[in-house]
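Biologist: I have the sequence and the structure open. Can we go through the cavities and then the interface?

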Amino acid sequence: MAEEDNKPQEINPIAKSASETPVKKLPRRAAGAMPVVEIKDDLLIKALQEKFGKTILSANEINSQQVLQIEKAALATVLLYLRDNATPAFNMLTDLTAVHFPDQPDQPFEMVYQLYSIAAKRRLRIKTRLAENETIQTVTSIWGTANWLEREVYDLFGIRFDEHPDLRRILLPTGWVGHPLRKEYKLEYQDNAWVEENLQIRALPTEGDFTGKFE
Amino acid sequence: MTEITDITHPEIDTNEMILNMGPQHPSTHGVLRVALKLDGEVVTDLDCDIGYLHRGVEKICEHRNYQMIAPYFDRTDYIAAVSNGLCYVETIEKALALEIPLRAQYLRVILTELNRLSSHLLWLATHALDIGAVTVFLWAFREREELLKIFENFFGARLTCHAFRIGGMTYDAYDGFQAEVKDFCDRFPKRLEEYETLLNTNRIWLSRTVGIGIISADAAIDIGLTGPPLRGSGVEWDIRKAHPYECYADLEFDIPYGENGDTYDRYLVRMEEMRQSRRIILQALEKLPDGPIMAPKAPKVVKPSIGEYYHSIESPKGELGIYLVSDGSTQPTRLRIRPPSFINLQALRQMSIGHLVADVVAIIGTLDIVLGEIDR
């Protein structure tokens, strides 16, 4: 019984090509996009656009959250302005992180700054793009929070921050080779040389498919 | 009689000394290593060494379907697994623009607040134990045990509680859940008073907490403190009030906040928070409506649209946020966890300098860190 059930499924290329494959081979970007609206009537955004002009590349509301895309060179001045002179003043850096897009080879890294104004209860996200091996100005002098967060980005993405007071790895051990949150870093990869030297454990085999990608 | 003059001791080395605290030190609440630079017994500088528990949760998330990611969040901050689960499912629901039935919202709030109680009780127990009050430890664990029994009945687990699904809840309340929670809430204020009689006027407790680890409101905001450490410095800010999620807008509660920003104020803030949590639970139990617990349109295959979303909740430790970048597939491009403990721990250096080694223990306790969340 079981064999008969299995056989038609295995030898049925027509059914596969007709019904299964189109579903599986849907392009990865087939889903719709989240609503993106350009910000127009906002005093803060207008003031920023007047002051910084073309360095503010875009100002959108993505899924009703305000996102500014700005040029890397203007980042530190815009952030300092937002902390000190803007109304409302964004006195808190909630989060700082990076995203890796290897399919955009010109500028594969995106730095993301989540700002918050406690007085106005308002969030603002600032993003800027980076090329491979490009460094970026630190914001530790603007918000103390940035110290460990930038260290984490350096540790996991390998992005270097200029003038950071203490740029060391934070989660991974010193001397580890590789930055795990880069997309080319496989899920089950480990620095075998480091592990053998420091933990005296025999390393994982380097051959074989250890992508760990769940399909 | 000979006159007493200054005598120098060239044979005594008066250099600063480096002392390693941890990673296996009981009062670092996990595997945290703190390298202290000491002048006598006074801390002149310190450096935190973290990452002993790093398992790469964010990397794993990029390789899992959205439903498969959820259990990983119970294991980041394992003391507040319910809050973490809530933050994750809410982020995905908001990205999907999914409405949750009212009953599920109320149940989620009740469970999250119960979890806040159990987390704060664990904080009180260990914090008091670190400072030397052993009785409080035993008493607080007694109450925590009752909460864990409720969790076990509800979720089937005591620590890695997981009943929230994208779109609602897996399990409805079991028979007798409301009565058990109500019963606990009725007894709880008496217990809180008992802890306070042990601590509030205790000379040892006061001398170990008052004026220790002071951080001003401005400094706290600059270093990014959130949660009770921020409120202890006098900033009245709570995400449940500032950006209400679930049904918090319909519930009445106050935000307690301190004045001096020292360890004692943070203690008072958390004690008052437990009372407020109890208030929220009682209101939510009263208002708990009947109805479905899963959204009828909850998708079986979760595919958020292309774009990004940041959402955060008030976890017992502070602001727990998730930044999701989706490419429209069943796996996230990036799922960043904004861990409150990680950012709060960064203030340890600033708060400890000038204090004694023993005070570092009190300050680590008052920051209420969980290493599982810091290292991820």
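Biologist: Which helix gives the most to the lining of the largest cavity?
Modeller: Helix 5 of chain B, with three residues. Keep in mind that this is a predicted model.

Biologist: What is the volume of that largest cavity?
Modeller: About 40 Å³. Its lining includes Tyr78(B), Asn115(B), Arg144(B), Phe151(B) and Cys161(B). Helix 4 (102-131) and helix 5 (134-155) of chain B each supply at least two of the lining residues.

Biologist: How does that lining divide into nonpolar, polar and charged?
Modeller: Seven nonpolar, two polar and two charged.

Biologist: How many cavities of 30 Å³ or more are there?
Modeller: The count is two. The second largest cavity has a volume of about 30 Å³.

Biologist: Which residues line the second largest cavity?
Modeller: Leu96(A), Thr97(A), Glu152(A), Val153(A), Leu156(A) and Phe157(A) from chain A, with Arg334(B) and Arg336(B) from chain B. Strand 4 (92-100) and helix 5 of chain A and strand 8 (334-338) of chain B each give two or more residues to this lining. Helix 5 of chain A has the largest share, four residues.

Biologist: What does Arg336(B) meet in a salt bridge?
Modeller: The side chain of Asp95(A), at 2.8 Å, N to O. Between chain B and chain A the count is eight salt bridges.

Biologist: And polar contacts, how many residue pairs across the interface?
Modeller: 24 residue pairs, both residues at pLDDT 80 or more. On the side of chain B that touches chain A, strand 6 (residues 307-315) of chain B gives the most, with five residues. That side divides into 21 nonpolar, 15 polar and 15 charged residues.

Biologist: How much area do chain B and chain A bury between them?
Modeller: About 4,600 Å², with 56% of it on carbon and sulfur atoms. In chain B, the residues that lose the most area to chain A are Lys59(B), Glu308(B) and Tyr310(B), together 14% of what that side buries. By contact, 51 residues of chain B meet 52 residues of chain A.

Biologist: Switching to pockets. Which residues lie nearest the centre of the largest pocket?
Modeller: Leu171(A), Leu172(A), Pro173(A), Trp176(A) and His54(B), out of 37 lining residues. The space in this pocket is about 890 Å³.

Biologist: Which element gives the most to the lining of the largest pocket?
Modeller: Helix 1 of chain B, with four residues. By class, the pocket lining has 21 nonpolar, five polar and eleven charged residues.

Technical notes:
Residues are numbered from 1 along each chain as its sequence is written. Chains are lettered from A and ligands numbered from 1 in the order in which they are written. This is a predicted model: local features need pLDDT of at least 70, side-chain atom pairs count only at pLDDT 80 or more; totals for chains, interfaces and linings use all residues. Side-chain values use heavy atoms; hydrogens and water are left out. Contact means heavy atoms within 4.5 Å. Buried area is the accessible area (1.4 Å probe) that two parts lose on being put together, summed over both. A salt bridge is a side-chain nitrogen of Lys or Arg within 4 Å of a carboxyl oxygen of Asp or Glu. A polar contact is a pair of N or O atoms within 3.5 Å; within protein, one must be able to donate a hydrogen and the other to accept it, and residues adjacent in sequence count only if both atoms are side-chain atoms. Ala, Val, Leu, Ile, Met, Phe, Trp, Tyr, Cys and Pro count as nonpolar, Asp, Glu, Lys and Arg as charged, and the others, Gly among them, as polar. On a 1 Å grid over the protein atoms alone, a cavity is a set of points where a 1.4 Å probe fits but cannot get out, and a pocket is an open set with protein on both sides within 12 Å along at least five of seven lines; lining residues have an atom within 4 Å of a point. Grid points are joined across faces, edges and corners, and a volume is the space filled by probe spheres set on the points.
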